[in-house]
Amino acid sequence: MLDYVLIAIAVLALIGVIFEEVFHVNKAKVTLFFGTLAWILLFISADHGPLLPGVEHDLTHNITEISTLWLFLVAAMTFVAYLNRKGLIENMLNVVMPRKISLKALLFITAIFSFCFSSLADNITATLVSVAMVLSLGLPFSQTIRFAVLVVFSVNSGGVSLITGDVTTLMIFMQGKVTITQLLWLLLPSFSAVMLLAAMLSVGMKGKVTLRKTRHETRPVDYVIAGTFLLTIILTLSGNVLYGIPPMLSFLAGMAVMFLIATFMGDDNDDDPILDYIRYIEFDTLLFFLGVLLLVGMLEHIHALRAFLSVYEMLPPVLANFVMGVMSATIDNVPLTAALLKANITMNTAEWMTLTYAVGVGGSLLVIGSAAGIVTMSKVQGLTFARYSKFTFLLLIAYTVGYALVYGLTMMALPALGISL
């Protein structure tokens, strides 16, 4: 009986996530409440009996996985929060963007920027910066929505090839399903899909636009910290490949170096303390991940994730992974990925790479399917579920082509070249 109650709790949490805009209750509050409630019920039902050690063991294991993910994201998001508030990101855009540009060219530049930036920063920050750039253009809504749709797809596509860019990619990597060097092979197919979508959205676009540029005053310490961020990414990737150093440890070390740099360069004072930048990160996102992973850990404990195995029993992994990507547009990709990882599905490395692309990009098909979509909907006035859905067919084409390219690369091209995954 308790198992059915716990499954119902997980379903209620999922409904709260999907219909966040309807209920006007932040999904972090919903998942955190139901996630903690589920484990409390498990402890109460154990009642100091023989089941208690198993509940304690599984919760400890669950919390360990969550804390590793949390600490990595806290460090990465603190770096980006500093660079964003200091105006370095906007200054960089001012350098690379011309004063006057055609709408078609701007569409492709927006796609490239969103794709590249989301590989380094988290999806939410990349979306906020990209959408702010689009809104500053003052375009008609019919054109703004095209840019917004492209930003969502580009941000999600850019994040799949690096662990710094997408939580689902990080989760699959942390479970040992793929390596950092293997993930880098996803860059080419995912970028090709973004360019295809940009080409389809650019049809019928005419005219030029003049960009308004705002220059932010920066100091030497800001550039040093920006360099530290890039160096941290490089050392995180190389350190993991060469020595197996956990990315969480490398990024925490990088964040500590950032704090020390601010202190020794005289930038850490009462007016602008460097430690305060931890407060500027998206803690509602982190709390959402916490609640979701608690729920998934509970479902694993009661062995309720075996239903996912049935999909892979009925379909070959390449088709099942494609379906999971489409499903991630209705079911948030974080709980979906966590559930798939906990279900102990047997796949080879190439198949795990297709799943990485699928759950990372498939959420773009609907505006509620990813954090990037939800952020965009909250920032672009007039962008609704229905209006975004008008572009679902184009998004499905781009997603399908990208998935096919990943499959072709990992299953056929690389093996033919003698490159093993």
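**Close-up 1. Ile7 in helix 1 of the predicted model.** Ile7 is found in helix 1. The model shown is predicted. Helix 1 covers residues 2-18. Ile7 belongs to a nonpolar surface patch.

**Close-up 2. The nonpolar surface patch.** The patch has an area of about 670 Å². Besides Ile7, the residues that make it are Val11, Leu12, Ile15, Phe19, Val22, Phe23 and Val25. Two elements give two or more residues each: helix 1 (2-18) and helix 2 (20-23). Helix 1 provides the largest share, 4 residues.

**Close-up 3. Packing of helix 7 against helix 19.** Helix 7 spans residues 123-135, and helix 19 spans residues 371-379. The two helices pack at an angle of about 35°. Their axes lie 9 Å apart. The crossing of helix 7 past helix 19 is right-handed.

**Close-up 4. Residues in the contact of helix 7 with helix 19.** From helix 7, the contact uses Ile124, Thr127, Leu128, Val131 and Leu135. Helix 19 contributes Ala371, Ala372, Val375, Thr376 and Lys379. Sorted by class, the contact has 7 nonpolar, 2 polar and 1 charged residues.

Conventions: Residues are numbered from 1 along each chain as its sequence is written. This is a predicted model: local features need pLDDT of at least 70, side-chain atom pairs count only at pLDDT 80 or more; totals for chains, interfaces and linings use all residues. Side-chain values use heavy atoms; hydrogens and water are left out. Axes are lines fitted to C-alpha atoms, for helices over the stretch in contact, and angles run from 0 to 180 degrees between N-to-C directions. A crossing is left-handed if the near helix is turned anticlockwise from the far one by less than a right angle, and right-handed if clockwise. Contact means heavy atoms within 4.5 Å. Ala, Val, Leu, Ile, Met, Phe, Trp, Tyr, Cys and Pro count as nonpolar, Asp, Glu, Lys and Arg as charged, and the others, Gly among them, as polar. Patches are made of residues with over 30% relative accessible area and no salt bridge: like charges are joined within 9 Å, nonpolar side chains (Val, Leu, Ile, Met, Phe, Trp, Tyr) within 5 Å. Accessible areas come from the Shrake-Rupley method with a 1.4 Å probe; for residues, only the protein chains shown count as cover. A salt bridge is a side-chain nitrogen of Lys or Arg within 4 Å of a carboxyl oxygen of Asp or Glu.
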